[in-house]
Amino acid sequence: MGQRIIDVWTSQQTSKEFEWGQNDCHQLLYQFMRLTNLEWEDPDNIGDLAGTYSTRHEAMEVAKTLEIPKWFEQLGYSAKRVNRIETGDVVWVPLKKSHYDMYWPVVSNKTVLVGDPTTNSIILRHIDELSHYDYQVYRRD
């Protein structure tokens, strides 16, 4: 997938306000996976979940039903130990006290797209700014 397409998509996302069910971490992940894996047919119809929830509580309930590791497996991604993240990777931040883990698409070397409900925005963050999180990286094999 070309960087230009990812850049256009990223620009479109960062111009929007954060909204549960539209551009929270799971929806951004889904959109990114569709964009960067054109052959994926979404066999579990995950795309149909967009707009079916609108609060943090509802998002956590939906998260319980998602089988995101299965998405990664279907698309040939696996957890990797890497020295440096790169475009196309997905950073996974497991949250210990929640079913709602965070997923950040890597949209440009070391830059992730983050849906931030506290600021009500979609923002770009350098991975080094987020080093306090214990995260793993999924990369296509």
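Six of the six residues of S4 are buried, so S4 is largely enclosed by the rest of the structure. The model is a predicted one, in which local features need pLDDT of at least 70 and side-chain atom pairs count only at pLDDT 80 or more, while totals for chains, interfaces and linings use all residues. Residues are numbered from 1 along each chain as its sequence is written, and side-chain values use heavy atoms, with hydrogens and water left out.

Strands (E, at least two residues) and helices (H or I, at least four residues) are DSSP runs numbered from the N terminus, and two strands are said to pair if DSSP finds at least two bridges between them. On one side of the sequence, S4 pairs with S3 in the antiparallel sense over two bridges, and valine 112 in S4 is the bridge partner of valine 106. S3 and S4 form a hairpin with two residues between them. Lysine 110, in the loop between these strands, has a positive phi of about 70° although it is not a glycine, and it is partly exposed, with a relative accessible area of 27%. Most residues other than glycine have a negative phi. S4 is also joined to strand S5 (residues 121–126) by six bridges, the two strands running antiparallel, and leucine 113 has leucine 124 of S5 as its bridge partner. This second hairpin has four residues between its strands, and asparagine 120 in the turn has a positive phi of about 60°.

Another set of pairings involves S6. Strand S1 (residues 77–80) pairs with S6 in the antiparallel sense over four bridges, and arginine 140 in S6 is the bridge partner of tyrosine 77. S2 pairs with S6 as well, again in the antiparallel sense, over three bridges, with tryptophan 92 standing opposite glutamine 136 in S6.

Of its 42 residues, Met33, Trp71, Phe72, Val91, Trp104 and Val112 touch the most other members. Leaving aside neighbours within four places in sequence, methionine 33 is in contact (heavy atoms within 4.5 Å) with Trp40, Trp71, Phe72, Leu75, Tyr77 and Val90. In the loop between H2 and H3 sits aspartate 42, whose phi is near 50°, a positive value in a residue other than glycine; aspartate 42 is buried, with a relative accessible area of 6%.

On a 1 Å grid over the protein atoms alone, a cavity is a set of points where a 1.4 Å probe fits but cannot get out, a pocket is an open set with protein on both sides within 12 Å along at least five of seven lines, and lining residues have an atom within 4 Å of a point. A search of the whole structure finds one cavity of 30 Å³ or more, and about 50 Å³ of space lies in the largest cavity, a volume being the space filled by probe spheres set on grid points joined across faces, edges and corners. The residues lining this cavity include His26, Gln27, Tyr30, Ile46 and Trp71, and H2 gives the most to the lining, with three residues.

The largest pocket holds about 310 Å³ of space and is lined by 19 residues, of which Met102, Gly115, Asp116, Pro117 and Tyr133 lie nearest its centre. The largest share of this lining, three residues, comes from S4. The second largest pocket has a volume of about 260 Å³, and of its 13 lining residues Lys80, Arg81, Val82, Tyr135 and Val137 lie nearest its centre, with S1 and S6 each supplying at least two residues of that lining.

Methods. A nonpolar core is a set of buried Ala, Val, Leu, Ile, Met, Phe, Trp, Tyr and Cys residues joined through side-chain atoms within 4.5 Å. Buried means under 20% relative accessible area, exposed over 50%, partly exposed in between (1.4 Å probe, protein chains only).
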